[in-house]
Amino acid sequence: MTDGMPTERRIILETRRLVIRNWLASDRDLFREINADPKVMEFFPFRRSPEEADAFLGRLNGMISDTGLGFYALELKATREPIGFCGLSLANMPSVFPAETVETGWRLATRFWGMGYATEAARALLDFGFGEKGIKAVVSFAVAENQRSTAVMKRLGLHRIPHLDFEHPRVPDSHPHLKHHLVYAVTQDEWKRQAAHRGPPA
């Protein structure tokens, strides 16, 4: 451990190009970069200082240790370089979703955008969640203007659930344009039907 952060990799899953794993002390700089980048954080009402990013990273690893779910680190197989995160996590918004609701989400450093990594990681995690974890449904949500994220949701086979759209309770009134969120979702049965048509991964 270094400052409370692990130094040993614990692999959750592997895809063709990615390792999905726990966070390591050596990932700290990449995580700070993501949380301070105005492009990455365009649809969030704040940027995190290095200290705030470190504290958030510790909470993410704690959640993974406690529940087995969370936003996991993504690492390129070819270089072992961290590139961002993707995960399955309890939504933790009791005023919006039932307590057992699981969300999927992702965030990558900008230099890794446009390469399909988020879709690749999220698809593997949805297979894992619906299969090994027995999750019944997964939601994902984003500000309406965040077309990069909603495009990934659509590629994954999630579909809009308009009556679940909501005003995000943790977005302050100082950022009204970031409050309204669109909700996409897929059930375990829908995912299995889609998987049967997709066939094995390339």
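How many of the eight residues of strand β9 (residues 180-187) are buried? Six of them are, so β9 is largely enclosed by the rest of the structure; buried here means under 20% relative accessible area, exposed means over 50%, and partly exposed lies in between (1.4 Å probe, protein chains only). The model is a predicted one, in which local features need pLDDT of at least 70 and side-chain atom pairs count only at pLDDT 80 or more, while totals for chains, interfaces and linings use all residues. Residues are numbered from 1 along each chain as its sequence is written, and side-chain values use heavy atoms, with hydrogens and water left out. Helices (H or I, at least four residues) and strands (E, at least two) are DSSP runs, numbered from the N terminus.

The partners of β9 come next. Strands are said to pair if DSSP finds at least two bridges between them. Strand β6 (residues 137-143) runs antiparallel to β9, and seven bridges link the pair; within this pairing, Ala142 has Leu182 of β9 as its bridge partner.

The interior can be described through its nonpolar cores, each a set of buried Ala, Val, Leu, Ile, Met, Phe, Trp, Tyr and Cys residues joined through side-chain atoms within 4.5 Å. The largest core holds 52 residues, and Ile20 and Trp23 touch the most other members. Helix α3 (residues 117-131) gives the most to this core, contributing nine residues. Another core, of nine residues, lies apart from it and includes Ala91, Met93, Val139 and Val183. Contact means heavy atoms within 4.5 Å; beyond the residues up to four places away in sequence, the contacts of Trp23 include Met5, Phe31, Leu57, Ile64, Tyr72 and Phe85.

Leu88, in strand β4, counts as buried because its relative accessibility is 0%. Leaving out residues up to four places away in sequence, Leu88 touches several residues, among them Leu69, Tyr72, Val102, Leu125, Ile135 and Val138. Leu88 and Ile64 are 24 residues apart in sequence, and their C-alpha atoms are 9.8 Å apart in space.

Some loop residues also deserve a look. Thr15 sits in the loop between β1 (11-14) and β2 (18-21), and counts as buried because its relative accessibility is 11%. Its side chain makes a polar contact with the side chain of Glu120 at 2.5 Å; such a contact is a pair of N or O atoms within 3.5 Å, where within protein one must be able to donate a hydrogen and the other to accept it, and residues adjacent in sequence count only if both atoms are side-chain atoms. Neighbours within four places in sequence aside, Thr15 is in contact with Ile20, Lys77, Glu120 and Ala124.

Two non-glycine residues have positive phi values. Arg80, in the loop between β3 (70-76) and β4 (82-90), has a phi near 60 degrees. Asn92 belongs to the loop between β4 and β5 (102-108), and its phi is about 55 degrees. Asn92 counts as exposed because its relative accessibility is 59%.
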